Amino acid sequence: MVLHPIFIFLIFILLAPLGHASTPSDKNSSPFDFLKKLKGSHKGNNTKEIHKLKAYLEQFGYLKYENETHATDDDFDDNLESAIKTYQKNYRIKSSAPVQRAFQTWKNFTHFTFAQVQTNRNSDLLIAFYRGAHGDYESFDAFRPLAHAFAPTNGSFHYNADIRWSIGAVEDYFDLETVALHEIGHLLGLGHSSDDAAIMYPTIYSGVIKNLHEDDIQGIRALYNR
């Protein structure tokens, strides 16, 4: 059987950081040992324990099924293949830290508190990377939009996985934290601003870092009477 290159690479990148994981009963065991059993799997297969990979990718926002049956079966389908490709493209970027900083920035000017949870089934807000059509009314293409988020109480914030992302100002790349600040503003109920210095201005350029502006702060305080 010809091994599917996308899947073999996924196994490598998931297992590599966990090479020293151990338990008292077996120093060589890892919670990701099931991935070794999936070697050689590819789209169209039904392989035992594929559902564990689906659960992992769903937990971190890479995969979403409208039908719960597909989320728990062992079919290697189109959605799973797309999620794997997105994971491979973004796994080297540690996106959680800039997003957490963006939430902290908004927390400083609101009465909200934010905390990361272990599963998206218990979350009020869900942040994920997607490409193309992904189950909401606004599909992504290779160039636009950078991201989108929806007003309360939807709670969804999606990065476009085909955009070139960075942490900090990098020429021809878009800063994750700057975009997160903008999209979290939408999650909290803010619309766009006409002030081009504001984070809620509708256009963000590559290679640029922005922070909250007085216009953003006044807007969120007016919205929540603070």
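1. Let me begin with a residue in a loop. Asp172 has a relative accessible area of 45%, so it counts as partly exposed; the cut-offs here are under 20% for buried and over 50% for exposed. Asp172 sits in the loop between strand S4 (165-166) and strand S5 (174-175). Its phi is positive, about 70°, although Asp172 is not a glycine. Please keep in mind throughout that this is a predicted model.

2. You will find Glu49 in the loop between helix H1 (5-15) and helix H2 (50-59). Is Glu49 buried or exposed? Glu49 is buried, because its relative accessible area is 11% and the limit for buried is under 20%.

3. Now for the overall plan. The protein has seven helices and five strands, and along the sequence they follow the pattern α-α-α-α-α-β-β-β-β-β-α-α. Of the 226 residues, 43% are buried. Among contacts with a separation of 6 or more, 58% are between residues 24 or more positions apart.

4. The sheet is worth a careful look. Three strands make an open sheet in the order S1-S3-S2, with mixed pairing. Strand S1 (126-130) and strand S2 (147-149) are the edge strands, each pairing on one side only. From one strand to the next, the twist averages 15°. S2 pairs with strand S3 (residues 156-160) in the antiparallel sense, over three bridges. Within the sheet, Ala149 stands opposite Phe157 in S3.

5. Next comes the annotated residue. The unreviewed UniProt entry lists Glu183 under "active site". In the model, Glu183 belongs to helix H6 (residues 176-187), and H6 lies across S1, S2 and S3, running at about 150° to S3. Glu183 is buried, since its relative accessible area is 6% and buried means under 20%. Which residues does Glu183 touch, leaving aside its neighbours within four places in sequence? The contacts are Ala147, His148, Ala149 and Phe157.

6. The structure holds eight aromatic pairs. In one of them, the rings of Phe112 and Phe114 have centres 6.3 Å apart and planes at 35°, so this pair is tilted. Phe112, at 24% relative accessibility, is partly exposed, and Phe114 is partly exposed too, with a relative accessible area of 27%. Phe157 and Tyr159 form another tilted pair, at 4.8 Å centre to centre and 45° between the planes. Both Phe157 and Tyr159 are buried. These two residues belong to one aromatic cluster, made up of Phe129, Phe157, Tyr159, Trp165 and Phe174.

7. Please check two peptide bonds in your viewer. The bond from Arg144 to Pro145 is cis, with omega near -20°, and Pro145 lies in the loop between S1 and S2. Leaving aside its neighbours within four places in sequence, Pro145 is in contact with Glu138, Ser139, Phe140, Asn160 and Ile163. Pro145 and Tyr159 are 14 residues apart in sequence, while their C-alpha atoms are 8.7 Å apart in space. The other bond to look at, from Pro152 to Thr153, is also cis, with omega near 10°. Thr153 is found in the loop between S2 and S3.

8. In helix H7 (residues 214-223), the buried residues are Asp216, Ile217 and Ile220. They cover an arc of only 100° around the axis, so they lie on the same side of H7. What do the buried residues of H7 pack against? Their partner is helix H5 (96-107). After H7 comes Asn225, which has a positive phi near 55°.

Note on methods
Residues are numbered from 1 along each chain as its sequence is written. This is a predicted model: local features need pLDDT of at least 70, side-chain atom pairs count only at pLDDT 80 or more; totals for chains, interfaces and linings use all residues. Side-chain values use heavy atoms; hydrogens and water are left out. UniProt positions are given in the numbering used here, feature names are shortened, and annotations may be inferred rather than shown by experiment. Helices (H or I, at least four residues) and strands (E, at least two) are DSSP runs, numbered from the N terminus. Buried means under 20% relative accessible area, exposed over 50%, partly exposed in between (1.4 Å probe, protein chains only). Contact means heavy atoms within 4.5 Å. Rings of Phe, Tyr and Trp (its six-membered ring) pair if their centres lie within 6.5 Å; planes under 30 degrees apart count as stacked, over 60 as edge-to-face and the rest as tilted. The arc is that of the directions from the helix axis to the C-beta atoms. Two strands pair if DSSP finds at least two bridges between them. Axes are lines fitted to C-alpha atoms, for helices over the stretch in contact, and angles run from 0 to 180 degrees between N-to-C directions.
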